[in-house]
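Hi,

Here's the structure I said I'd pass along.

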Amino acid sequence: MGVYDSTLTSKGQTTIPAEIREALNLKPGDKIRYVMSGDRVYLRVKNGRLADLAGFLGRPPNAEGVSTEEIDDAIMDAVAEDDERIVREWRDGSK
């Protein structure tokens with residue numbers, strides 16, 4: 001794990017060090033999520049678009065659709081599990 005410094009501007013902005021941008025494949029316009037755990041903050045790259053996933057699984061096996069509420073619930077469950085995994089890995093020092 002590397003340690004990198006950055007300075008906060010009067011506008012609340014900072015530059016992500018080049019080594020981190022390269023390691024995370026960050027590009028202009030990518031989204032970054034800040035995850036707080038106690039006195040620590042973790043960055044989570046969100047550089048994929050949901051629209052890019054459209055149709056990648058094909059048609060549902062039973063050819064029935066699902067409600068928007070069911071989709072929202074599934075997404076929120078997946079996000080919560082992913083965030084918990086990230087925090088756990090950082091806490092354990094495995095990332």
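Helices below are DSSP runs of H or I with at least four residues, strands are runs of E with at least two, and both are numbered from the N terminus. On that basis the protein chain has two helices and two strands, in the order α-β-β-α along the sequence.

Before the details: this is a predicted model, where local features need pLDDT of at least 70 and side-chain atom pairs count only at pLDDT 80 or more, while totals for chains, interfaces and linings use all residues. Residues are numbered from 1 along each chain as its sequence is written, and side-chain values use heavy atoms, with hydrogens and water left out.

Of the 95 residues in the protein chain, 9% are buried (under 20% relative accessible area; exposed is over 50%, partly exposed in between, with a 1.4 Å probe and protein chains only).

Asp83 sits in H2, residues 68-92, and counts as buried because its relative accessible area is 19%. Beyond its neighbours within four places in sequence, Asp83 is in contact (heavy atoms within 4.5 Å) with Arg33, Val35 and Arg44.

Cheers
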